[in-house]
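Please examine the protein shown here before reading the notes that accompany it.

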Amino acid sequence: MVPDFYLSSAEMVEKWEKLVFEDGSYELDVWPDLQNMTRDVISRTAFGSSYEEGKRIFELQRELTIPFMQVALSVYIPGWRFVPTKTNRKMKALNRDIVASLRAIINKKEKAMKEGKTASDDLLGLLIESNWRETKGNNNDKTAGMTVDEVIEECKLFYFAGQETTSTLLVWTMILLSQHQAWQERARDEVLQIFGLEKPHHDGLNHLKIVNMILHEVLRLYPPITITNRETHENTKLGDLALPAGVIVSMPILSIHHDPKLWGDDANEFKPERFSEGVSKATKSQVTFMPFGWGPRICIGQNFALLEAKMAIALILQRFSFELSPSYTHAPHTLITLQPQHGAPLILHKR
């Protein structure tokens, strides 16, 4: 999927180059473009030939986020979601459109498979093919594999998670590298040493040690998901705690990542050198760094997101240097993910 990462990132960078071309620098809020780029990536990789349909689903899902958060942050009243308020009607209508669009794409792919055509190598095609084989391997047992509704829910999840988290990682990386010019120069030197001005490739991306350290430190300071919940399904012993079944356990990721007892007195400072010898050494082999969760439920898209982020950052560093605009206001806030509330206005300089 690296060619798709390159294609989407290159389109964004070429757009920026045209803006910067005339006088060598340009002030731009990079946040919307980073969001569009990561949406583009997941549309290509998740839906392949149904790329344009995928982009439309994205817009619907993004539109659904705002009323969803309004409801999530309001006072909980049992049964209120069934009351036909304006917000509830809008959420149901948007969800119907998303489900109908996904069902149409799935039906088209399933029909092609039944006609003997090879499954596409996009994420949805692989998921449907795997599910189809699971069902056939169990004598067409309908209880084997996933239902269409379950496949739809998987699509909605990797569609949202696949772009929202990566775009926040990229925007905080650009903000922090704008604040720490020495690290920006070190990262650029590494990129130019490995790729020059040539197209970044998979093997080279995996050798970006300094960029990797920077991305891990950004994920520590600004984890896309600031808190995660898990439910115990049976009586559980957790250290000295005895947890009965049915208890919700909240993991405050942001607080853990900023805890001076775990990270030292400089826990709130940007110091990528913490990760110079890897995550295990930085955390003293404890589970104190969890931007993608941990354990058997760790995010399946971790490698996907980091590789995509490396591609985008490599292309940006090859072509630009950047600094914070005087109009930048530092205001992290949570809208499902940890985002810059007032955007990320930067001044881009052509290199």
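The notes below begin with the protein as a whole and then turn to individual residues.

This is a predicted model, in which local features need pLDDT of at least 70 and side-chain atom pairs count only at pLDDT 80 or more, while totals for chains, interfaces and linings use all residues. Residues are numbered from 1 along each chain as its sequence is written, and side-chain values use heavy atoms, with hydrogens and water left out.

**Overall architecture**

- The protein contains 13 helices and nine strands; helices (H or I, at least four residues) and strands (E, at least two) are DSSP runs, numbered from the N terminus.
- The protein is as compact as a globular protein of 351 residues, because its radius of gyration is 22 Å, close to the 20 Å that the globule rule gives for that length. The radius of gyration is taken over C-alpha atoms, and the globule rule is 2.2 Å times the number of residues to the power 0.38.
- The C-alpha trace spans about 60 × 55 × 45 Å along the principal axes of the protein.
- Among contacts in the protein with a separation of 6 or more, 71% are between residues 24 or more positions apart; contact means heavy atoms within 4.5 Å.

**Surface and charge**

- Of the 351 residues, 44% count as buried. Buried means under 20% relative accessible area, exposed means over 50%, and partly exposed lies in between (1.4 Å probe, protein chains only).
- The accessible surface of the protein comes to about 18,800 Å², and 55% of that surface belongs to carbon and sulfur atoms. Accessible areas come from the Shrake-Rupley method with a 1.4 Å probe, and for residues only the protein chains shown count as cover.
- There are 40 positive and 44 negative side chains, and the centres of the two sets lie 5 Å apart. Lys and Arg count as positive and Asp and Glu as negative, whereas His and the chain ends are not counted. The place of a charge is taken as NZ of Lys, CZ of Arg, CG of Asp or CD of Glu.

**The loop between α12 and α13**

- Cysteine 299 is located in the loop between α12 (279-282) and α13 (302-319). An unreviewed UniProt entry lists Cys299 under "binding site"; UniProt positions are given in the numbering used here, feature names are shortened, and annotations may be inferred rather than shown by experiment.
- Cysteine 299 has a relative accessibility of 34%, so this residue counts as partly exposed.
- Lysine 284 also has its place in the loop between α12 and α13. Lysine 284 is not a glycine, yet its phi is positive, at about 55 degrees.
- Lysine 284 counts as exposed because its relative accessibility is 61%.
- Serine 285 is part of the loop between α12 and α13, and its phi is near 60 degrees, a positive value in a residue other than glycine.
- With 62% relative accessibility, serine 285 counts as exposed.

**Helix α6**

- Leucine 169 is found in helix α6 (residues 148-179). Its relative accessible area is 2%, so leucine 169 is buried.
- When residues up to four places away in sequence are not counted, leucine 169 touches Leu215, Val218, Leu219, Leu306 and Ala309.
- Leucine 169 and lysine 55 are 114 residues apart along the chain, and their C-alpha atoms are separated by 21 Å.
- Threonine 173 is likewise in helix α6, and it counts as buried because its relative accessibility is 1%.
- Apart from neighbours within four places in sequence, threonine 173 is in contact with Ile214, Leu215, Val218 and Ile313.
- The C-alpha atoms of threonine 173 and leucine 348 are separated by 14 Å, and the two residues are 175 residues apart along the chain.

- Asparagine 212 belongs to helix α9 (residues 209-221). This asparagine 212 is partly exposed, with a relative accessible area of 25%.
- From C-alpha to C-alpha, asparagine 212 and leucine 307 are 9.6 Å apart in space, while 95 residues apart in sequence.
- Proline 260 lies in helix α11 (residues 260-263) and is partly exposed, with a relative accessible area of 45%.
- Proline 260 touches Asp265 and Ala267, with residues up to four places away in sequence not counted.
- Proline 260 and glycine 343 are 83 residues apart in sequence and 29 Å apart in space, C-alpha to C-alpha.
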